[in-house]
Structures are given as C-alpha cells and as structure tokens.
Amino acid sequence: MTKKKKKEATEPQGTLQTKFQDTREYLEEVKGELKKVTWPTRKETLSTALAVVALVIIVSIYLGIADFIFSRLVALILP
C-alpha cells in the first residue's frame with residue numbers, strides 16, 4: 001500500500017475536490033489490489049462448495065443425534 005502524500009497547508013481540508021481526489025485514489029488502489037488476487041477456477045469453487053455442503057450435512061446429523069440422545073437422557077432423569 002502506498003503512503004499518502006502530505007497535503008499542502010494551503011489546501012483546505014474536507015473540500016469537495018479533495019474528497020473526490022481521495023475517493024479516486026482509493027478506487028485506483030482497490031483496482032490495483034484486485035489485479036493481484038488469484039481467483040479460483042469454476043472447478044475449484046464447485047469442489048470447495050460441495051465440501052462445505054457435505055460438512056454441514058455431517059455436522060447437522062451429528063448434532064441431531066446428540067440432541068436426540070441428550071433429550072432422552074434428560075427425560076429419563078426428570079420425569
């Protein structure tokens with residue numbers, strides 16, 4: 001990330017022109033950073049999404065079984 005240059009003392013802070021310049025500089029830096037990103041391929045995205053879905057299903061089944069068992073135990077203890 002580049003260091004911002006100190007603005008001259010003669011330039012008033014918060015003017016509309018300054019805000020536009022700051023916004024433009026920010027967007028240019030964002031564009032530069034996005035060019036550095038290594039975007040995943042469609043195949044990689046699909047495989048990781050399927051892995052997440054599978055993990056969610058497995059964990060939800062586990063938690064459902066654990067909930068069922070613990071609710072039965074509580075029902076036995078507290079009539």
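Which residue forms a salt bridge with R24, and how far apart are the closest N and O atoms? The partner of R24 is E28, with the closest N and O atoms 3.3 Å apart. This is a predicted model, in which local features need pLDDT of at least 70, side-chain atom pairs count only at pLDDT 80 or more, and totals for chains, interfaces and linings use all residues. Residues are numbered from 1 along each chain as its sequence is written, and side-chain values use heavy atoms, with hydrogens and water left out.

**Secondary structure and surface**

- The chain comes to two helices and zero strands, where helices (H or I, at least four residues) and strands (E, at least two) are DSSP runs numbered from the N terminus.
- Helix α1 covers residues 16-36, and helix α2 covers residues 42-77.
- Of the 79 residues in the chain, 3% are buried; buried means under 20% relative accessible area, exposed over 50%, and partly exposed in between (1.4 Å probe, protein chains only).
- The chain exposes about 8,000 Å², of which carbon and sulfur atoms supply 69%; accessible areas come from the Shrake-Rupley method with a 1.4 Å probe, and for residues only the protein chains shown count as cover.

**Salt bridges in helix α1**

- The count comes to two salt bridges, each defined as a side-chain nitrogen of Lys or Arg within 4 Å of a carboxyl oxygen of Asp or Glu.
- R24 and E28 both lie in helix α1, four residues apart, about one turn of the helix.
- R24 is exposed at 58% relative accessible area, whereas E28 is partly exposed at 47%.
- E33 and K36 form a salt bridge at 3.2 Å, N to O, and both lie in helix α1, three residues apart, about one turn of the helix.
- E33 is partly exposed at 42% relative accessible area, whereas K36 is exposed at 61%.

**Residue T18**

- T18 lies in helix α1 and counts as buried because its relative accessibility is 3%.
- The side chains of T18 and T15 are joined by a polar contact of 2.6 Å (a pair of N or O atoms within 3.5 Å; within protein, one must be able to donate a hydrogen and the other to accept it, and residues adjacent in sequence count only if both atoms are side-chain atoms).
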